[in-house]
Amino acid sequence: MSADNLKVNIKALSREERRRKFNEMGLPAYRETQLFSRICKGALGFDECREFSLKLREDLKERFSWEGARVELVQKSSDGTMKFLLEMPGGDKCEAVLMRYSYGNTLCISTQVGCRMGCSFCASTLGGLKRQLAGWEMLDELIACGRHSGLEISRVVLLGSGEPFDNYDELCEFLSLVHDPEGLNLSYRNITVSTCGLIPQMERFAEDFPQVNLAVSLHAASQEEREAIMPIAKVYPLSDLLKACRLHAERTGRRVSYEFALIEGKNDDEGTAKRLAALLKGSLCHVNLIPLNPVEETGLSGSGQRTASRFMRILEAEGIAVTLRRSLGRDIDAACGQLRNKHI
Ligand code: SAH
């Protein structure tokens, strides 16, 4: 074990803990602010904290290590999408995807290493849950990808590997960190959290972060069909989930997004589209359709363009707000968990 392994990782401390440690060292509070700001700007070590004297940098290096997400591999798609394989402290791998839209760059980050939700079409869950990511590590995904790409990231979606509401406290820590005016100062309205439907946490979330956008992965229009592809539906039935979504929209005044991955021959027929429209009619919502990104191990494929367009038109005809997403980054294994699976 190197001496560095015995030191406390400065980045892993909460702001409060860091202030306390700095205080014990006789440092004024603004030193922590400077350090946090440097961390958020992508500094790779104490040597990049140029407002610190050489002596202070050396003192800090004696006491603390500086570890974080390290970009191990980047794949660039012909459509501009970039997929990052990140190595986290301790050696675990996780993924983030940078998507370039006309309205700004959006980073999709992971909230867990692996996932234990067991959705049948998803690559992230194939090996189960390896470990939770800490809030600061989620922030570090953003910092590492921003530094590496040189691009400004104006939106964040928590749609990468993992179930954010299965890691609730660290999710909250991440949201506070990324919103911190002394750091990245990202507006809550530019953040979207996606869940497979953990109702108790959805209810807490409406209270804790009413300005953050909520997306719910639906993927089916009946309890039976949903249960067949998403085990969580057995714990929280579709009818309860839809009620919780309506309540969420009422409480926050913000529409809920529904994710619906179109799986060829499974959930992409006219009947499903009509049932979905009937379920959602009259609620403050938006449906995001996306042809499934094929994951070899699952044997499932995404619907073709014509089927997807027909599905969308049926929803539109019923007055449901709907977007058919392009499946970005198909050529770079951009579906949740696909890249990581090839490197573990
Ligand atoms: N656990 C959360 C967030 C991570 S998954 C959730 O379930 O919402 C992010 C989104 O990608 C979810 O909507 C998920 O259902 C979807 N997804 C997973 N695998 C996919 C695939 N192969 N193709 C398209 N979407 C997929």
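Colleague: Which element gives the largest share of the lining of the second largest cavity?

Modeller: This is a predicted model, where local features need pLDDT of at least 70, side-chain atom pairs count only at pLDDT 80 or more, and totals for chains, interfaces and linings use all residues. Residues are numbered from 1 along each chain as its sequence is written, and side-chain values use heavy atoms, with hydrogens and water left out. The second largest cavity is lined by Met-202, Glu-203, Ala-206, Ala-244, Leu-247, His-248 and Arg-251. The largest share, 4 residues, comes from α10.

Colleague: What counts as a cavity, and what volume does the second largest cavity have?

Modeller: On a 1 Å grid over the protein atoms alone, a cavity is a set of points where a 1.4 Å probe fits but cannot get out; a pocket is an open set with protein on both sides within 12 Å along at least five of seven lines, and lining residues have an atom within 4 Å of a point. Points are joined across faces, edges and corners, and a volume is the space filled by probe spheres set on them. For the second largest cavity, that volume is about 40 Å³.

Colleague: How many charged residues line the largest cavity?

Modeller: Its volume is about 90 Å³. Lining residues include Lys-11, Arg-15, Arg-18 and Asp-140. By class (Ala, Val, Leu, Ile, Met, Phe, Trp, Tyr, Cys and Pro nonpolar; Asp, Glu, Lys and Arg charged; the others, Gly among them, polar), the lining has 6 nonpolar, 1 polar and, as asked, 4 charged.

Colleague: Which element gives the most to the lining of the largest cavity?

Modeller: Elements here are DSSP runs numbered from the N terminus: helices (H or I, at least four residues) and strands (E, at least two). The lining draws at least three residues from each of domain 1 (3–65) and domain 2 (71–341), with bounds from an automatic or database domain assignment. The top contributor, with 3 residues, is α5.

Colleague: Why does the second largest pocket lie between domain 1 and domain 2?

Modeller: The pocket has a volume of about 280 Å³. Its lining includes Cys-40, Lys-41, Leu-142 and Arg-147. It lies between the domains because residues of its lining come from both domain 1 (3–65) and domain 2 (71–341).

Colleague: Which helix gives the most to the lining of the second largest pocket?

Modeller: By class, the lining has 7 nonpolar, 2 polar and 3 charged residues. The helix that gives the most supplies 4 residues and spans 135–149: α5.

Colleague: Now the ligand. Which residues come nearest?

Modeller: A residue is near if one of its heavy atoms lies within 4 Å. The shell has 9 nonpolar, 7 polar and 2 charged residues. Of the 18 residues around the ligand, the nearest are Glu-163, Ser-194, Ser-217, His-219 and Asn-293.

Colleague: Which residue has a polar backbone atom 3.5 Å from an oxygen atom of the ligand?

Modeller: A polar contact is a pair of N or O atoms within 3.5 Å; within protein, one must be able to donate a hydrogen and the other to accept it, and residues adjacent in sequence count only if both atoms are side-chain atoms. A backbone N or O atom of Phe-121 lies 3.4 Å from a ligand nitrogen. A backbone N or O atom of Thr-195 lies 3.4 Å from a ligand oxygen. At 3.5 Å from a ligand oxygen, the residue is Cys-196.
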